[in-house]
Amino acid sequence: MKTKISRLLMMFITASALFLAGCSSDDNDPSGSSCTDNIQNGDETGVDCGGSCPNACTPDPTCSDNIQNGDETGVDCGGSCDPCSESIELTGDQTEDLTLDPANTYTLRNTYSVKSGATLTIPAGTTITAEVETGDETNTYIVIEQGASIDIQGTMAEPVTMTSANGEPGDWGGLILAGEATTTEGVDATAEVGGIIYGGTDDTDSSGNIDYLIINYAGAQIDSESQYNGLTLYAVGSGTTIDNVAILNGTDDGVEFFGGTVSASNFYLENNEDDAIDWTEGWNGTLTNAYVVHTGSFSTVVEADGQNNNPTLANLTAVSTSDQVEQIALQFKLESGATITGLSLSGYTTSVLMSDAGPLANVQIEGADANPALPYLASPTVDVAMFAWVNSDITVEDSVLTGTITSDLELDPAIAYFLEGNLSIESGATLTIPAGTVITADVEDGEETNTYIVIQQGASIDIQGTESNPVIMTSANQEPGDWGGLVIAGEATTTEGVDATAEVGGIIYGGTDDTDSSGNIDYLIINYAGAQIDSESQYNGLTLYAVGSGTTIDNVAILNGTDDGVEFFGGTVSASNFYLENNEDDAIDWTEGWNGTLTNAYVVHTGSFSTVVEADGENKNPTLANITAVSTSAQAERIALQFKLESGATITGLSLSGYTTSVLMSDSGPLANVQIEGADANPAEAYDAAATVDVSIFDWATN
């Protein structure tokens, strides 16, 4: 037995030794890594790799770290990541249908022509970049020829973009569509570029679809007379749909229609150096919702030429902040014309120019013949926010002023402000208006008496105009009586007592603080105010209800109002340097016991009016120091100074010219209440001394 046991033990020991020797021989690594069994073991850092294995592990693809790793075939693409983009060149002729891939990079070299029968489809998010050698700008464009089609499928989130590598205006020739609709050039006309054939007899022809497209840096110079546009439409028919297009930074037109019947909508046109919108050869489609921006040099917002087939512009808003001297909005050549509704212009020196003396009746704006004397200022009819998808570097802001303001508000002189209804600055708030700001009352018929600016009791205004940049308050219609002007309500004394109610808007005014301050006014122009409230009363240009002596008012011009220029309802405020021209009632009016001073006032009357000065009510003996009034009016009775009840004043430096009545005491009040040059007023005196105020000090308001 002992022998058998010993023998079995020796066999077990021998077998164990052989097993251990076999393991050591297979792995050849005391760490326990297999390196060959498709299992991560031992000190392997991956399956059969890393650690003491001879093969280094390949890292997993990240697809996002800007490093090619894992099974990626490119940086963060390929393998198990998204496919890598290809770089594809567009040049030459396309004779079969082609759909681009937004994942690829497309380079336009020279002309890319889509031939008849073929369709170019461009999905959302695709970018095509023109790579242009110097001298090849005019050969570099995309053209959809007659019988061909384009389908641009951009979205608001992913527009299609056509741009240039250089990023300079005039780099390339943009996108051209040639259709088979009618044009005054006839059938199979030849375009000014590339020998492109266009024009036919099918006004319903379709060249395809464009939606959410950005075109940048086009406008290559062809010759001294012509350039490419951003989007050029040769005889394109009404079966074509074109919506949501942005054309920026071109050296020629944004979009030009050469005849055709195509309509389009939602166009954003920024800093195209010639015309934003151009047409000729009898285009007769409709462009709806166009927003034009000019910050640099340009020719026009619209240029129309040739035969008038009466196209329609529905909602056109154009804003210029350019500093060029002449800024033309709408230019019509030969017999051209249009029907335009929803027109809003801001910043242009010329609204309508008929270059060849064509009939104004050809251009219908808001249902009437175009009027070059009107600026067509109006609230924007197109909201620039609808073009946020363009991601322009230029921020264009406009603002409608209306309602109540309960906290401080500072306006921006770069913004075109439109007053709709009344704007009320409430107690505790200050309205600050910097130099150069323009506020335009945009008034519908019947809303004139509801359209004004009021600074309520306890509120404040700070108008910071300068001689070179006054603040301007005007109206869109530019007609006297369009709106209610500027109204200020203070807490100084008035014969109406404390917390009196004004004749307009239920405004509360009057108190016990004669040193009350409602703020500051300097270099302000108010135009076309005087809206009719009722048969007895109207708004003034500047209305001061119980305004206190802590308020400063200097350098104010009030023009073309249907009521008074300035009226003081009690209060103690003083003012200086007033220019008052063609206010149809009284240039200067006061009542309710005003007892401040007005220094250096110049009054001009060329049309109908009531008086230079009208005073009414209790005499608190205000002062007029240096007042010059000149009338060239043809009306029979021309009254200078009229005093009612017991009213009066102390007047020095009086100069009247062209008035039939110098002083009128309407209610037989005592002449002693009116002291002129240190003596009782004398109606027999003409007071026709030399001017005591130099009108040239108001050049800032009249030039």
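User: Ground rules before we start?
Analyst: The model is predicted; local features need pLDDT of at least 70, side-chain atom pairs count only at pLDDT 80 or more, and totals for chains, interfaces and linings use all residues. Residues are numbered from 1 along each chain as its sequence is written, and side-chain values use heavy atoms, with hydrogens and water left out.

User: What volume does the largest pocket have?
Analyst: About 930 Å³. A pocket here is an open set of points on a 1 Å grid over the protein atoms alone, where a 1.4 Å probe fits, with protein on both sides within 12 Å along at least five of seven lines. The volume is the space filled by probe spheres set on the points, which are joined across faces, edges and corners.

User: Which residues are closest to its centre?
Analyst: Gly347, Tyr348, Leu377, Val438 and Ile472, out of 40 lining residues. A lining residue has an atom within 4 Å of a point.

User: Which element gives the most to that lining?
Analyst: E28, with 3 residues. That strand spans 416–425. Others supplying at least two residues include strand E20 (312–320) and helix H2 (699–702). Strands (E, at least two residues) and helices (H or I, at least four) are DSSP runs, numbered from the N terminus.

User: How does the lining divide by class?
Analyst: 24 nonpolar, 16 polar and no charged. Ala, Val, Leu, Ile, Met, Phe, Trp, Tyr, Cys and Pro count as nonpolar, Asp, Glu, Lys and Arg as charged, and the others, Gly among them, as polar.

User: And the second largest pocket, what is its volume?
Analyst: About 440 Å³. It has 17 lining residues, with Glu366, Tyr376, Leu377, Ala378 and Asn477 closest to the centre. E22 and strand E25 (368–369) each give two or more. By class, the lining has 9 nonpolar, 3 polar and 5 charged residues.

User: New topic. Where is tyrosine 528?
Analyst: In the loop between E37 and strand E38 (542–545).

User: Why does threonine 161 count as buried?
Analyst: Because its relative accessibility is 19%. Buried means under 20% relative accessible area, exposed over 50%, partly exposed in between (1.4 Å probe, protein chains only).

User: What does threonine 161 touch?
Analyst: Thr126, Thr127, Ile128 and Ile214, leaving out residues up to four places away in sequence. Contact means heavy atoms within 4.5 Å. Threonine 161 sits in strand E8 (residues 160–164).
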